[in-house]
Amino acid sequence: MSVASSDSAVRMSRFTRTLIYLFLLLFALFYLLPLFVMVVNSLKPLSEITGGNMMALPQVWTIEPWLAAWSTAQIGVEPTGLRPYFWNSIKMVVPAVAISTILGALNGYVLTKWSFRGDKILYGLMLFACFIPFQMVLIPMARVLGVTGLAGSTPGLILVHVVYGIGFSTLYFRNYYAAFPTELVRAAQIDGAGFFRIFWRIMLPSSGPIIVVCVIWQFTNIWNDFLFGASFADFDSQPMTVALNNLVQSSTGVKEYNVHFAGAILAALPTLLVYIVAGRYFVRGLMAGSVKG
Amino acid sequence: MGFLDINNATKAYGSVEVLHKVDISVEEGEFLVLVGPSGCGKSTLLNMIAGLEEITTGEIAIKGETMNGVHPSKRNIAMVFQSYALYPNMTVGQNITFGLEMHGTPKAERDRAMNEVAEMLQITQLLNRKPGQLSGGQRQRVAMGRALVRNPDVFLFDEPLSNLDAKLRVDMRTEIKKLHQNLGTTIVYVTHDQIEAMTLSTRIAVMNGGYVQQLGTPKEIYDTPANIFVASFMGSPSMNLLSAKIRVEGDRAMADITQGEGTVSLAMTNAGPRLKTYDGQTITLGIRPESITDPDGADRHSQHIETIQARIDVTEPAGSDTFVTTTLGGKDCIARMRADADVRAGQTVDLAINMEKAIPFDPKTENRIA
Ligand SMILES: Nc1ncnc2c1ncn2[C@@H]1O[C@H](COP(=O)(O)OP(=O)(O)OP(=O)(O)O)[C@@H](O)[C@H]1O
Ligand SMILES: [Mg+2]
């Protein structure tokens, strides 16, 4: 009796499992379809797109559209391709991510390990920053950038993104450090380490997973931001997203869809890369934490 | 003035006072144990000595120098935490020398000190491991190594053994005691385990509710507890507390205890003169289980043994002894018999009570009647 029932349980679970995999496969296909369309069409000559099926594989494979999108396509009025804007984005994203992550870590450290009167309220206010819609800060921010003379520059954009990112990075690090044993900080104090040395030698080296989470989050958000880039950047500081928009909107001549597709993939590539590279460390960090005991 | 002086130290969180005027003076080389139930303020007091908690009022001084407001790292103390607090990102060796590094000791000297300590604690082969790769006992050793390497004036231990299993706890207890005997360092040690307190200490401070109930040598605490709390907290199984009526008979005070329908009368030979003023009143009489035995097992050096007859309710053989429960003064009373004493539940047997060790308490103030 019990043998029979356990037997049928196995068969049941195999059936359910097949079903689950089927569903997963279906959803994966569903999500991958747009990417497929983009990749396929970015590798065709324009005539194949305008004349035929979007879903078909290229008859003539070409990387011309990619080269064009990168270095020769018309962006607004200049035929520069996306390249200069790619570097603009990098110059903006890397410092903005680094600064907002480090400040978030410092905030989390202070809020959990050096509690002071009113720290809860301060933390609440910082959390509030996570929920303020972008549109609401546009005009005050424009004023601040104007007054500080940073309007239209990369440092100005960095400032905007750091200010906006600090809420989230503080949230991440505060919650992570809240579970970090206070006894370690006390032991370090007795050992004679000061505020920054405890942070640098004890807290940060144990923060791997949360740093990765924070970097992924900030990088994705800042790289993909369009509104601040469109509002506060000049020609020589415009990020990739704004340039991509200008590429697609360019009114001269025919619409080169294959170049647009290639450009869009180029614009999305760095975030994808960050996920692939850092995501693995993220999982690894979590695993290490759980086995440590 | 001692080596470590705690003068009228209090601690308040907001308006709540959690430590009330603590006054303890520790001599050089002493092993002071702070013992008491959970939440009585032991860790708070230890953290105040370490400088991790501020002192609300009063003073703490080490070697005659006041420590109020002095940073923890400048007090020349070392602390072993309950969770060991080993830095997870550093190797054992780095853990041990981190404090020296922070104090600017040159690398060569740090390594020499590290090797010396590692050898003493037999952890040399672990120096390159991370704390995550150590067993509980090994972590405990590393934590002690980190404290020892700095050669501090005072060692502070906060329940260092409570995360270990029973066997390892006993082993490490012996090691800590050896360490103290070999090095002669001054130690303040927090525990809620009264056996640890008795075995390790040169003096014990029994705490409850933020008050030091009694400060004394283990023998003083055990044999002449200041009040009912100390009497019942120290010792396992805990002291029997029986209601007894005092009757003065000539120059002796007798304690009458109800037993079943009748009464047993026990002469209080070892009590102070004040007991006679309780003539006709009911007191609480404390008798430890090991002072109630089978007649063969009674203390031969005792000047005064009373023998009563009692019915056994329950027997609990514990290997080395057999604990039996009888009813005295309307309450359960535990007696300790030899392991091979032939007693069974329901039997009536002779019990020998060592009245030298019986302690009278005032039932209202709960203090010992001296
Ligand atoms: N930050 C704080 N704010 C308010 N009360 C506190 C704070 N820290 C401790 N207390 C209180 O102080 C008292 C003493 O705490 P303490 O940690 O010293 O107890 P303990 O004797 O070490 O207990 P345990 O054996 O459980 O470790 C407790 O009643 C606790 O609630
Ligand atoms: Mg404690």
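This is a predicted model: local features need pLDDT of at least 70, side-chain atom pairs count only at pLDDT 80 or more; totals for chains, interfaces and linings use all residues.
Residues are numbered from 1 along each chain as its sequence is written, and chains are lettered from A in the order in which they are written. In this model, local features need pLDDT of at least 70 and side-chain atom pairs count only at pLDDT 80 or more, whereas totals for chains, interfaces and linings use all residues.

Chain A is divided into domain 1 (14-62) and domain 2 (83-292), with bounds from an automatic or database domain assignment. Their C-alpha centres lie 32 Å apart. Contact (C-beta atoms, placed from the backbone, within 7 Å) links 8 residues of domain 1 of chain A with 7 residues of domain 2 of chain A. On the side of domain 1 that touches domain 2, α1 (2-42) and α2 (46-51) of chain A each supply at least two residues, and α1(A) gives the most, with 4 residues. Helices are DSSP runs (H or I, at least four residues), numbered from the N terminus.

In chain B, helix α3 (residues 107-121) has 15 residues and reaches 21 Å from its first C-alpha to its last, close to the 21 Å expected at 1.5 Å a residue, the expected span being 1.5 Å times one less than the number of residues. B:Arg110, B:Met114, B:Val117, B:Ala118 and B:Leu121 of α3(B) are buried (20 or more other C-beta atoms within 10 Å of the residue's own, with C-beta atoms placed from the backbone). These residues lie on the same side of α3(B) because they cover an arc of only 100° around the axis, taken from the directions from the helix axis to the C-beta atoms. The buried residues of α3(B) pack against α2 (92-102) and α4 (136-148) of chain B. On the other side of α3(B), B:Ala108, B:Glu109, B:Arg112 and B:Glu119 are exposed (12 or fewer such atoms). B:Gln122, with a positive phi near 55°, follows α3(B).

Methods
Two residues are in contact if their C-beta atoms, placed from the backbone, lie within 7 Å.
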